[in-house]
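Here is a short report on a protein model. Look at the sequence and the structure first, then read on.

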Amino acid sequence: MISLAGRDILHGWGKFVLTGVGLGLLIGVTLSMAGVYRGMVDDAQALLDNSRADLWVVQKDTLGPYAEPSSLTEDSERPIQAMRGVAQAAGVTYLTMQIAHGDKDVRVMVVGAEMGEPGLPGQPTHLISGRQIVRGHYEAVADVKTGFAIGDRAKVRRNFYTIVGLTSRMVSSGGDPMLFLSLKDAQTAQFQKDSDAIVRQRARTAANPQLNPPGNPAVAQAVNAVQSGNTNVNAILVTITPDANPDEVAATIRRWQRLTVYTRAEMEEILVQKLIANSARQIAMFLVILSIVSAAIVAFIIYTMTIGKIREIAVLKLIGTRNRTISWMILQQALGLGLIGFIVGKIAASLWAPFFPKYVLLLPSDSILGFVAVMLICTMASFLAIQAAIKVDPAEAIGG
Amino acid sequence: MAEGITLENVVKTYGSGETAVHALRGVDMAVAKGEVVGLIGPSGSGKSTLLKCLGAVIEPTSGKMTIGDQCIYDNGWKVRDLRALRRDMIGFIFQAPYLIPFLDVTDNVALLPMLAGKPNAEARRLARDLLDALDVGHRAAAMPSQLSGGEQQRVAIARALINRPPVILADEPTAPLDGQRALAVVGLLNDMARQFDTAIIIVTHDEKIIPTFKRLYNIRDGRTVEEVQGKAA
């Protein structure tokens with residue numbers, strides 16, 4: 001038996017393919033939305049991977065440093081370093097800000113990492129060119145997505161930093177590329193007041209007899225030094241020894257340091273379940289709406305195509321074609337439309353993914369799931385047309 | 001002469017009670033194999049209803065219908081698979097050819113034997129032989145939209161004949177044709193009826209072709225009156 005659906009498609013292939021392309025663009029948008037979500041999750045995981053930490057020690061009762069602000073003294077690092085099971089501990093600061101790059105602004109996450117010894121958690125990984133920060137001040141390593149090149153100078157607050165190295169896939173959970181500075185520089189950038197504020201602060205100190213006792217100017221100088229400097233960090237990243245259990249080490253730090261500690265699994269849950277949860281729900285809503293729109297479009301197209309063939313269907317039924325054969329023809333056309341749509345959508349999504357400002361991750365498993373969903377949607381969408389075809393009375397071919 | 005189709009006291013009533021419409025009030029009809037008869041009647045006389053009953057599209061309310069030697073309806077009893085009956089025992093020719101626009105000429109004709117389970121190659125060979133017999137073999141690979149009206153009607157006739165049905169029902173097959181072409185189509189149907197030993201019933205209003213029938217059934221108010229004419233095709 002010949003394929004009636006195939007012949008019908010070949011007969012009007014231009015219209016069919018154009019319809020498929022239109023549907024494909026919609027499917028491409030749907031796949032891209034899924035890719036945006038996957039990209040967000042991947043960014044979050046990349047953030048955790050790139051920090052190379054097993055534990056995140058943050059201000060007590062906060063979800064810091066990524067989901068909530070967290071501030072703790074740099075000094076907390078030393079007792080943690082001394083605890084059993086801890087291999088390395090390093091303070092780190094995170095600050096998302098706009099920095100100028102030529103005549104454009106770039107949104108970056110400025111990361112302050114301890115550069116004293118190589119391999120400390122928080123330091124930039126995946127260097128693709130240049131070198132690590134080796135000087136105490138005014139050097140930076142940037143992610144390639146910032147657009148900076150080696151030798152460029154980036155202005156952060158009042159200071160300029162020379163880009164000495166470039167990394168890739170070093171992004172915040174929001175997808176902003178990272179700019180690494182030494183911890184001291186980053187603390188300055190994060191906590192330093194502007195000149196007017198410092199002048200006013202010094203005037204207030206000088207006017208306060210308790211902070212500026214007559215005959216003892218060293219007190220005021222000491223107060224000013226304390227007020228203008230800052231040794232806080234947003235988190236202490238900890239790596240553990242190979243034989244240590246992260247939960248046990250985390251419990252010890254919580255007990256003795258009265259700080260909040262997250263393991264990798266807990267931090268991943270915070271990022272995925274809390275930080276990007278709303279975005280994920282937003283994307284899920286888009287996916288549902290796009291799926292419904294796709295189903296409605298397929299149903300409408302297949303129904304219109306079927307209604308346009310009512311006379312032929314009546315003739316086919318009159319000359320003895322089974323309902324099953326006609327239903328299969330309609331279903332095949334719907335599936336064919338879905339197949340073209342999926343192929344076009346997959347190609348389109350792959351082509352335009354690099355142009356998205358945020359990372360779009362198109363997973364093969366999502367594509368397979370998307371293909372199954374498209375086929376299911378097309379199958380369901382063809383029911384209406386099949387029902388209309390089954391209702392066609394063969395007597396309509398005779399007329400009268 | 002063997003009977004192609006026989007109707008005995010066929011009644012068709014739509015609805016019931018006071019609103020009942022008696023479309024057929026006891027139709028008797030017999031058409032032998034190889035014979036072509038005309039079925040005429042004014043609008044609303046029951047022609048279409050009779051055609052639908054003959055075509056096993058609707059069931060009569062009562063009466064008996066036989067195709068060849070097979071009873072297909074007998075006062076409430078009917079053949080179980082009317083679809084297969086239509087496919088294997090009844091050929092249809094419509095006012096317009098109603099060819100399937102997305103199948104080429106060969107496959108339009110070969111579709112029926114394919115539906116009946118014949119292999120594609122054999123069905124296409126049968127179709128091409130028949131198209132040759134109807135002088136449209138040279139258009140076998142064309143699409144219906146590429147054919148003239150006359151060629152389309154010949155392909156429709158080939159489609160009706162392909163399964164060698166005992167009966168062919170033609171619903172005003174000459175309506176869109178001019179006088180000469182209409183007479184040619186009737187002549188062709190007469191040839192085919194003889195060649196394939198098929199009973200052909202032609203429903204028509206066409207004054208040009210009515211005189212060509214040896215026998216006519218004139219239907220009025222749901223009853224048929226048989227008329228025998230002197231002139232034949």
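## A pair of strands in chain B

Ile40(B) stands opposite Asn218(B) in S10(B). Strand S3 (residues 36–40) of chain B and strand S10 (residues 215–220) of chain B run parallel, joined by 4 bridges. Two strands pair if DSSP finds at least two bridges between them. Strands are DSSP runs of E with at least two residues, helices are runs of H or I with at least four, and both are numbered from the N terminus.

This is a predicted model: local features need pLDDT of at least 70, side-chain atom pairs count only at pLDDT 80 or more, and totals for chains, interfaces and linings use all residues. Residues are numbered from 1 along each chain as its sequence is written, while chains are lettered from A and ligands numbered from 1 in the order in which they are written.

## The sheet around them

The open sheet in chain B has 6 strands, in the order S7-S8-S9-S3-S10-S11. Its pairing is mixed. Strand S7 (90–93) and strand S11 (223–228) of chain B stand at the edges. Each has a single partner strand, so one side of each is left without a neighbour in the sheet. On average, neighbouring strands of this sheet are turned by 20° against each other, direction ignored.

## Where the chains touch

Chain B gives 24 residues to the contact, and chain A gives 19. Two residues are in contact if their C-beta atoms, placed from the backbone, lie within 7 Å. On the side of chain B that touches chain A, the elements giving two or more residues are helix H1 (47–54), helix H2 (82–89) and helix H3 (105–115) of chain B.

The residues on that side of chain B divide into 14 nonpolar, 4 polar and 6 charged. Ala, Val, Leu, Ile, Met, Phe, Trp, Tyr, Cys and Pro count as nonpolar, Asp, Glu, Lys and Arg as charged, and the others, Gly among them, as polar.

## Chain A as a whole

Chain A has 12 helices and 12 strands. Its radius of gyration, taken over C-alpha atoms, is 31 Å, well over the 21 Å that the globule rule gives for 400 residues, so chain A is more spread out than a compact globule. That rule is 2.2 Å times the number of residues to the power 0.38. The C-alpha atoms of chain A fill a box of roughly 120 × 50 × 40 Å, taken along the principal axes.

## One residue in chain A

Glu269(A) is in helix H8 of chain A. Is Glu269(A) buried, exposed or partly exposed? Glu269(A) counts as partly exposed, because it has 13 C-beta neighbours inside 10 Å. A residue is buried with 20 or more other C-beta atoms within 10 Å of its own, exposed with 12 or fewer, and partly exposed in between; C-beta atoms are placed from the backbone.

Key. Axes fitted to C-alpha atoms, helices over the stretch in contact; angles between N-to-C directions.
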